[in-house]
Amino acid sequence: MWEHLNGEIQTIQFILLILNAILHIIFSGAVAKDCGRLAKDQHNICLVSGTTWAMATLVGGPLVAVGYWFIHHMRGLKS
């Protein structure tokens, strides 16, 4: 009954996979750039190196990027 939708569903899944990969790459690049900026400004990178944060963001995506941001930028908001 639903056989005619198989090709369309696979196409949509492939498009979502590509968009997800692009999203992970963008967030990983942003984290890497921010780590470089923090290192240049003589700030400490917490827990692991900047490269490790970038690789973790490449695998974990926006969730890891949010964790990175909270660890490295929330301390600046404390008054």
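Ala65 touches Phe27, Val31 and Thr57, leaving aside residues up to four places away in sequence; touching here means heavy atoms within 4.5 Å. The model is predicted, so local features need pLDDT of at least 70 and side-chain atom pairs count only at pLDDT 80 or more, while totals for chains, interfaces and linings use all residues. Residues are numbered from 1 along each chain as its sequence is written, and side-chain values use heavy atoms, with hydrogens and water left out.

Ala65 also belongs to the largest nonpolar core, made up of six residues: Val31, Cys35, Leu38, Trp53, Ala65 and Tyr68. Such a core is a set of buried Ala, Val, Leu, Ile, Met, Phe, Trp, Tyr and Cys residues joined through side-chain atoms within 4.5 Å, where buried means under 20% relative accessible area (1.4 Å probe, protein chains only). Its largest share, three residues, comes from α1.

How do the helices (DSSP runs of H or I, at least four residues) lie against one another? The axes of α1 (residues 6-40) and α2 (residues 50-60) come within 8 Å and cross at roughly 165 degrees; axes are lines fitted to C-alpha atoms over the stretch in contact, and angles run from 0 to 180 degrees between N-to-C directions. The two are therefore roughly antiparallel, a term for angles over 145 degrees.

With α3, the axis of α1 comes within 9 Å and crosses at roughly 20 degrees. That makes α1 roughly parallel to α3, as angles under 35 degrees count as such. Residues in this contact include Phe27 and Val31 of α1 and Ala65 and Tyr68 of α3.

Key: Parallel < 35°, antiparallel > 145°, perpendicular 65-115°, else oblique. Buried < 20%, exposed > 50% of the residue type's maximum accessible area, 1.4 Å probe, protein only.
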